[in-house]
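Student: Hi! Could you walk me through this one?
Tutor: Happy to, take a look first.

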Amino acid sequence: MTMILLLCLTVLLVSGPRCTESVEKRILLSDPQYIQQELTRFQSELQELQVKFNTQHMENANLKSTVTQLHTTVDQLKTTVLTLNITNSKLQNTVGQLQNNRRSAVFTRWGRRDCPANITSLVYTGYAGGSMYTDTGAAAEYLCMPSDPIWGPHKDLAYDGIWVGYVYGSEYEDGYFGIGDSLHDVPCAVCVGNQHTASLMIPGRTQCYPGWTEAYHGDLSSGAYTAVSATQYVCVDQHPQALEGGADKNEDGKLFYGVKSKCGPLHCPPYEDNKFLSCVVCLK
């Protein structure tokens with residue numbers, strides 16, 4: 001009997017809390033106040049989750065907008081970089097051309113309408129000209145007047161006074177240059193060296209010095225020493241040409257004569273008295 005009572009007591013002690021918990025749950029589930037409290041808590045948590053979801057959704061939308069803007073900015077930057085690369089390439093080409101022009105030798109080939117092949121390029125061709133050989137106030141230089149002039153705004157300015165200069169055409173004189181008579185007009189060409197930085201006209205030679213490249217050689221020329229106006233020395237090509245239609249009449253102008261050597265302060269030898277001088281145009 002005593003053993004049975006002890007066993008019953010043990011069972012009661014072990015199962016007692018479980019029984020109590022089950023009873024409490026039944027009581028809570030049957031309690032309307034508790035149920036309302038739980039529903040309120042669930043609604044509050046649901047609202048918080050909804051707020052978090054909406055916030056996250058808005059942040060995602062903002063991020064998408066930012067990404068789109070960044071893509072647009074990247075595309076614009078790519079376009080800008082492409083434009084800058086094109087501009088830079090053009091600038092480099094311009095700088096290269098300017099450097100080439102800065103390094104190039106420019107000279108006038110008298111008596112020809114073309115430039116020496118392979119080593120030079122033609123800038124323009126035209127007509128040799130200058131002041132009238134009888135004018136006391138004449139300019140000394142020979143000019144190569146382009147065959148395609150562009151007139152300025154003062155072309156038709158009304159002025160009949162004497163205080164002006166004049167530019168005339170040029171003629172070969174006395175048949176010295178192999179043209180045949182004194183009526184032919186003189187052409188010219190302005191040339192630029194393709195790979196050279198300096199040009200030099202050397203009188204009294206038909207060959208350049210070592211280290212220089214010949215552009216052309218020919219006959220030294222100037223105005224006549226008896227003429228009123230001063231001139232300069234230039235080199236007329238050894239194979240001169242004449243302008244078309246220039247042999248119809250003798251109009252003088254800026255004249256080309258051969259140049260002779262005169263012994264004295266000019267040492268003879270190596271020079272000889274009263275001999276026509278040659279010349280050569282050299283590039284380096």
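Tutor: A word on terms before we start: strands here are DSSP runs of E with at least two residues, numbered from the N terminus. Also, this is a predicted model.

Student: Thanks! Where is Trp 163 found, then?
Tutor: Trp 163 sits in the loop between strand 3 (143–146) and strand 4 (168–172).

Student: Is Trp 163 buried or exposed?
Tutor: Exposed, because the relative accessible area of Trp 163 is 74% and the cut-off for exposed is over 50%. Trp 163 also belongs to a nonpolar surface patch of about 790 Å², along with Leu 157, Tyr 159, Ile 162, Val 164 and Tyr 166.

Student: Switching topic: how many salt bridges are there?
Tutor: The count is six. In one of them, Asp 237 pairs with Arg 109, with the closest N and O atoms 2.9 Å apart. Asp 237 is in strand 8 (residues 234–237) and Arg 109 in strand 1 (residues 106–110), so the pair ties together parts that are 128 residues apart in sequence.

Student: And are those two buried or exposed?
Tutor: Asp 237 is buried at 2% relative accessible area, and Arg 109 is buried at 9%.

Student: What about Ser 261, what does its side chain reach?
Tutor: The Ser 261 side chain reaches the backbone oxygen of Glu 272 at 2.3 Å. Ser 261 lies in the loop between strand 9 (254–258) and strand 10 (278–283), and counts as buried at 2% relative accessibility.

Student: Last one: where does pLDDT stay under 50?
Tutor: Over residues 1–20, for which the model has zero contacts beyond four places in sequence. The protein chain averages a pLDDT of 82.

How values were computed. Residues are numbered from 1 along each chain as its sequence is written. This is a predicted model: local features need pLDDT of at least 70, side-chain atom pairs count only at pLDDT 80 or more; totals for chains, interfaces and linings use all residues. Side-chain values use heavy atoms; hydrogens and water are left out. pLDDT is the predictor's confidence in each residue, from 0 to 100. Contact means heavy atoms within 4.5 Å. Patches are made of residues with over 30% relative accessible area and no salt bridge: like charges are joined within 9 Å, nonpolar side chains (Val, Leu, Ile, Met, Phe, Trp, Tyr) within 5 Å. Accessible areas come from the Shrake-Rupley method with a 1.4 Å probe; for residues, only the protein chains shown count as cover. A salt bridge is a side-chain nitrogen of Lys or Arg within 4 Å of a carboxyl oxygen of Asp or Glu. Helices (H or I, at least four residues) and strands (E, at least two) are DSSP runs, numbered from the N terminus. Buried means under 20% relative accessible area, exposed over 50%, partly exposed in between (1.4 Å probe, protein chains only). A polar contact is a pair of N or O atoms within 3.5 Å; within protein, one must be able to donate a hydrogen and the other to accept it, and residues adjacent in sequence count only if both atoms are side-chain atoms.
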